[in-house]
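Biologist: Please put the model on the screen, and I will ask about it piece by piece.

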Amino acid sequence: MPESDAPATLPRGCTNLQLRQLTRRVTQHYDAQMAAAGLKTTQYSLLTAVLSMGPARPADLAAALRMDPSTLTRNLKPLIAAGWVETGSGSDARSRAVSITVEGRAKRAEAQRHWKVAQQSLNQTLGVPRVLALHALIQESLALLAPEEPADADE
């Protein structure tokens with residue numbers, strides 16, 4: 001890049017650290033509301049995914065949530081223990097399927113009310129234009145950082 005095209009200022013500090021600080025702060029904001037429903041934001045997200053996808057294979061849930069399968073298994077355990085999620089037989093004898101229970105649907109509905117309060121509060125604190133810009137920047141960044149699909153061997 002020619003010197004005249006260089007940005008006037010370069011980013012200072014570690015982008016990873018700044019993003020982690022932001023995500024911790026946002027997570028704390030949501031967790032404070034979700035605690036009233038007895039859930040963490042990660043549990044709410046998982047209940048929501050199981051509700052929308054279920055019954056689903058654990059591998060499909062992990063892929064949809066961009067989560068390691070072992071992390072998914074660990075995160076499902078308290079939801080299963082609480083009776084909000086259950087595992088059963090999948091499409092064949094070797095597979096399992098995860099589905100939400102009636103109690104899980106009720107817990108998710110309760111938690112959704114608290115999530116909405118957290119979202120509205122964040123919108124008010126940051127301002128809707130900033131939240132919209134943040135969403136757009138996140139989506140653009142995720143697309144740019146997406147791993148490349150492996151080339152098909154037949155091509």
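The questions below go from the whole chain to single residues.

Biologist: How many helices and strands does the protein chain have?

Modeller: This is a predicted model, so every answer here describes a prediction. Read along the sequence, the chain follows the pattern α-α-α-α-β-β-α-α. The secondary structure therefore comes to 6 helices and 2 strands.

Biologist: What share of the residues of the protein chain counts as buried?

Modeller: A residue counts as buried when its relative accessible area is under 20%. The protein chain has 155 residues, and the share of them that counts as buried is 21%.

Biologist: Among contacts with a separation of 6 or more, what part comes from residues 24 or more positions apart?

Modeller: A contact means heavy atoms within 4.5 Å. Taking the contacts in the protein chain with a separation of 6 or more, residues 24 or more positions apart account for 50%.

Biologist: Is the crossing of H2 and H5 left-handed or right-handed, and how do the contact residues divide by class?

Modeller: The crossing of H2 and H5 is left-handed. From H2, the contact uses Tyr44, Leu47, Thr48 and Leu51. From H5, it uses Gly104, Arg105, Lys107, Arg108, Ala111, Gln112 and Trp115. By class, the contact of H2 with H5 has 5 nonpolar, 3 polar and 3 charged residues.

Biologist: Are the rings of Tyr44 and Trp115 stacked, tilted or edge-to-face?

Modeller: The count of aromatic pairs comes to 1. In this pair the ring centres of Tyr44 and Trp115 are 6.5 Å apart, and the planes are at 20°. Tyr44 is in helix H2 and Trp115 is in helix H5, 71 residues apart. Planes under 30 degrees apart count as stacked, so the pair of Tyr44 and Trp115 is stacked.

Biologist: Which class, buried, partly exposed or exposed, does Tyr44 belong to, and which does Trp115?

Modeller: The relative accessibility of Tyr44 is 8%, which makes Tyr44 buried. Trp115 has 31%, which falls between the cut-offs of 20% and 50%. Trp115 is therefore partly exposed.

Biologist: How are H2 and H4 set relative to each other?

Modeller: H4 covers residues 69-81, and its axis comes within 10 Å of that of H2. Gln43, Leu46 and Leu47 of H2 meet Leu72, Asn75, Leu76, Pro78 and Leu79 of H4. By class, this contact has 6 nonpolar, 2 polar and no charged residues. The axes cross at roughly 90°, so H2 and H4 are roughly perpendicular.

Biologist: Which residues does Thr41 contact, leaving aside its neighbours within four places in sequence?

Modeller: Thr41 lies in helix H2. Its relative accessible area is 15%, so Thr41 is buried. Leaving aside the neighbours within four places, Thr41 is in contact with Thr27, Tyr30, Asp31 and Met34.

Biologist: Is Arg66 buried or exposed?

Modeller: Arg66 is in the loop between helix H3 (58-64) and H4. Arg66 has a positive phi of about 50°, although it is not a glycine. Its relative accessible area is 70%, so Arg66 is exposed.

Notes: Residues are numbered from 1 along each chain as its sequence is written. This is a predicted model: local features need pLDDT of at least 70, side-chain atom pairs count only at pLDDT 80 or more; totals for chains, interfaces and linings use all residues. Side-chain values use heavy atoms; hydrogens and water are left out. A crossing is left-handed if the near helix is turned anticlockwise from the far one by less than a right angle, and right-handed if clockwise. Helices (H or I, at least four residues) and strands (E, at least two) are DSSP runs, numbered from the N terminus. Ala, Val, Leu, Ile, Met, Phe, Trp, Tyr, Cys and Pro count as nonpolar, Asp, Glu, Lys and Arg as charged, and the others, Gly among them, as polar. Rings of Phe, Tyr and Trp (its six-membered ring) pair if their centres lie within 6.5 Å; planes under 30 degrees apart count as stacked, over 60 as edge-to-face and the rest as tilted. Buried means under 20% relative accessible area, exposed over 50%, partly exposed in between (1.4 Å probe, protein chains only). Axes are lines fitted to C-alpha atoms, for helices over the stretch in contact, and angles run from 0 to 180 degrees between N-to-C directions. Angles under 35 degrees count as roughly parallel, over 145 as roughly antiparallel, 65 to 115 as roughly perpendicular and the rest as oblique.
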